[in-house]
Amino acid sequence: MGTPVTRTPPKAGEVLLTVRQVTLRFGGLTSLSEVDLHLDRGEILAVIGPNGAGKTSLFNCLTGVYTPQEGTIEFITADRTPVQLVSGTARRRRSRKPHAVNHAGIARTFQNIRLFAALSAFDNVKIAAETRQRTGPIGAMLRLPHARANERNSDRRTEELLDFVGLRAVADELASSLSYGVQRRLEIARALATDPALLLLDEPAAGTNPTEKRELEGLIRRINSELDVTVLLIEHDMKLVMSVADRVTVLNFGKVIAEGRPEEVQRNPAVIEAYLGSAEEES
Amino acid sequence: MCLTQHFWQFLIPGITLGSLYALIAIGYTLVYGVLQLINFAHSEVFMTGGFAGLFIAQALVTTGVTPHGADSVLYMLAGLAGSAVFGAIVAFLLERVAYRPLRRRNAPRLVYLITAIGASLFLANLAGKLFGRDKSNIPDLYSNGVVFTLFGAQVRVQQLVIIGSGLGLMVLLDTVVRRTKLGAGIRSVAQDAQTASLMGVNINRVISQTFVIGGLLGGAAGFLFGTYLNVHYQMGFLPGIKAFAAAVLGGIGNIRGAMLGGLLLGIVESLSQSCMSSQWIDVVAFVVLILVLMFRPTGILGQRLGRAA
Amino acid sequence: MTIGKPPVQVRRTRQVDPRWMRLGGWLVMGALLRIMTDTAEGTPSDHWYVLSNALESPALIGWLAAAVVVWALLEVWRARQLGSVVSTWTAAPRGRLRTLSAVPLTRWLMLAAVAAAAIVIPQFLSEFYQRVLVDQVAVFVLLAVGLNVVVGWAGLLDLGYVAFFAIGAYTCAYFTRALPVRPPFALNPFVILPIAVLVCLTAGLLLGAPTLRLRGDYLAIVTLGFHEIVQLFLVNKNNWTGGNEGAFGIPHFSINLFGIHYSWTLASLPYWYLFIAMLAILVFLFNRLEHSKVGRSWTSIREDEVAAAANGVPTVKYKLMAFAIGASTSGLSGVLYASRIGYINPASFPIVLSITVLSYVIFGGMGSLIGVIVGAALLTFLPAVFQEQAIVRQEDIPMWIGAILVVMMIFRSQGLIPSRRRRRELRLAAQGIADADAMSESPEGRS
């Protein structure tokens, strides 16, 4: 098994994603408040914070599920063109549609796994891989040469990715019949099938056992190093965060309260205070 | 020009029609609020009310002489109450027989919608088979004279009766939903059914109650509509779609929105009669529906039952 | 606005034994069936004629007795079932599945047998049944195959489907110079087929684009309204459409190419072959579509629209595509129908017809091509037989259609011959794992 795609090596300090002053409100409730965040190409950034700190809301703003009321989000695609994910004035807000965000090069997984439950593991990944092929309905109906070539490519890509996450053996298994940890890995494979430059992982270790957690740690590293994919990770499991992340951003009550290398953040008094009571109860 | 010329002549019928649309629209909006379902069969609840009113009026007025005075008032109340009760019975049975089994096994929304459309088709054509497929007129329960003239437009008893009953029922409903325990149950399920059930709200009962309330109003509207035009096994179809359009216009799931949307749609429809030939009138509601969906999909007052009611 | 006390208290009610409740239900069902099967019909002069006729006849006893028997049998069965805890419905689906299997030989053999039967058997039928085969079975099977794309594959509800059928038919009438407005030339119906497909495709896109951006269930009501508008247009725009009279003398199909001259006539059999040829082409194409990127994208939207969008599936585009493909199939059938019948008017395309076609799709099994074809064929052929034998009045057919829809949805929403994928989805949805339609709010929540 070789690395499926080779990209230009990451340049240190090259910015991939910039979140500026993003504020998201639901009615009277402020979920995110003036959040600033930046992500360099090639790094692994973990966003941590107590429950309800706004981590998943941040993902949903990035991927076009929610449109924040204030702030902008800019993403630099693989061919170095800047794309405004969220922009506009206070009156007229614009945000990219979820599928367009994905096409720009950002893929995600979900906190509560969202696979296509009635399809095989193989088809789950293949559907995502195929969104990068230009096959239209006419090509598909007439099975034109380009459509057949595209399908062969998608099949190959799907097999490569299933190998990459180690799920080749369960390719024909129904997604909903797989175990929890396997479903997590399948969801990651599906996200990778869209050739992202940035992968958003929403609590990938939730509900997995210690062995699976170790495998996951290795998988995230390999995604980062072998596939050259930048990773933005939401996680509660501190051990995983400390071992895998290059940098950590801490959210609390919708605000960024700390940012830095894992060991710095761990010693930060504000972070310790935010976690007292909440993190200890949890793990 | 065309609007100003006959403005008042068309405004009063518009409000009349609008209060009927509003009554039906409330039924759609209530059910949509708690189940997120377009209850297509609600138009047949309306039709049931029309037939119930027809039979009650036929039983009361046997001599062929139009009653007057206290008799008229009594007969109208009897017609309203009877048609409302029959509408509620059909709505209740509909929920029990058709929708509850689906809810029990968490059926997808498509399955609900198909059931609704099937139930609608079944009920309408069963009525057609039982009671004939020609139009029947409800015997007059009062003499429909001119009460007063407003800017050159004649206002008749019938229009006042319909507007009055409609507004009365709406105020009553609004109070029930805002002030009573029953209303609190409906609002809680509309906001978040899962949490409501955790808080001890009996979801099944609340949904039944919602259908019954919608059925009461829809049945009464059917009777009023029957006195205004006639009773027919397919009488529910067009007013049904239009009332749904009205509910979307006001903000689906929002009771006051449904009232406002119904009145507005009735007025717009009636006023446009002065600008175009009457055979195209039915197009107006759909154009309104599509425009609302394009430019303000949440409707005038926004979408939540819990928030704005 | 405050909610005072918790709104519902636990209340003790006297419970009736559910068995007696069920008996009551079955008795009501028996009486209802007695009424539904009555061939009489009420009139405004005597509203109670049917009810009194049905409920006073001795046949009522028979229906009620049947209801009691069914009830008793079901109670016995239920008592036996009580022992086993896991019913087949809730059991988790397991096992391996093929992703893209080659069509096995037996499947090809069966297909060949069906094709041979479709070609040979109609020759031995009477002219009446040949006509039923063409005017009812073939037309509606074509329509159902198209609607299946919208309802079965994309999971959308289209209640104005027959409006496109009407548009196709009137397009045919226009280009054959059968309408009051005339083009300067007349075209052969074969040439009109692609034109009608384009016209309906465009109409479908125009109607679907503003609607499908929003929630899927609004499509149902908007299409219903669209059908009504098309009806009004056909009836009222006399100088274009011929009003209620409609269009006469739409010519038959004919071939005049490379020295081959053939013209279809009033005879049913040649049209039957034309229809099944068209059906074969469509089934071939649609089958490929289902097992392609497009079909898989529809599946992903049905199962989890949010996940599909997050993985790069442009959900609105695919929904719109399904809607437009359905519309064009409907238009195509319209051309065939208009040319075959030779005479169309607005009454040929009532709104109830859209729901009728929907019921064929549901009955057969949405999402399954074979199921949909069998469903449509059965539900068009059987009523024709019943009508000829005077068992059911024609006016009552919509009532039966409605009843079939409700009963199917409650007891077998996957249909007669369901597609495997669809059945899995419905079963998983029952456990709250997956979804099975495209009705939920679009993935871009509007906050």
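Predicted model: local features only at pLDDT ≥ 70, side-chain atom pairs only at ≥ 80, totals over all residues.
**View 1. Chains A and B, which share no contact.** Chains are lettered from A and ligands numbered from 1 in the order in which they are written, and residues are numbered from 1 along each chain as its sequence is written. Local features need pLDDT of at least 70 and side-chain atom pairs count only at pLDDT 80 or more, whereas totals for chains, interfaces and linings use all residues.

**View 2. The contact between chains A and C.** Chain A contributes 41 residues and chain C 40 residues. On the side of chain A that touches chain C, the elements giving two or more residues include helix H3 (121-130), helix H6 (180-192) and strand S7 (106-108) of chain A. Helices (H or I, at least four residues) and strands (E, at least two) are DSSP runs, numbered from the N terminus. H3(A) provides the largest share of this side, six residues. By class, this side of chain A has 18 nonpolar, 13 polar and ten charged residues; Ala, Val, Leu, Ile, Met, Phe, Trp, Tyr, Cys and Pro count as nonpolar, Asp, Glu, Lys and Arg as charged, and the others, Gly among them, as polar.

**View 3. The contact between chains C and B.** Here 52 residues come from chain C and 51 residues from chain B. H8(C) gives the most to the side of chain C that touches chain B, namely eleven residues. That side divides into 35 nonpolar, ten polar and seven charged residues. Of the two pairs of chains in contact, B and C share the most contacts.

Terms used: Contact = placed C-beta atoms within 7 Å.
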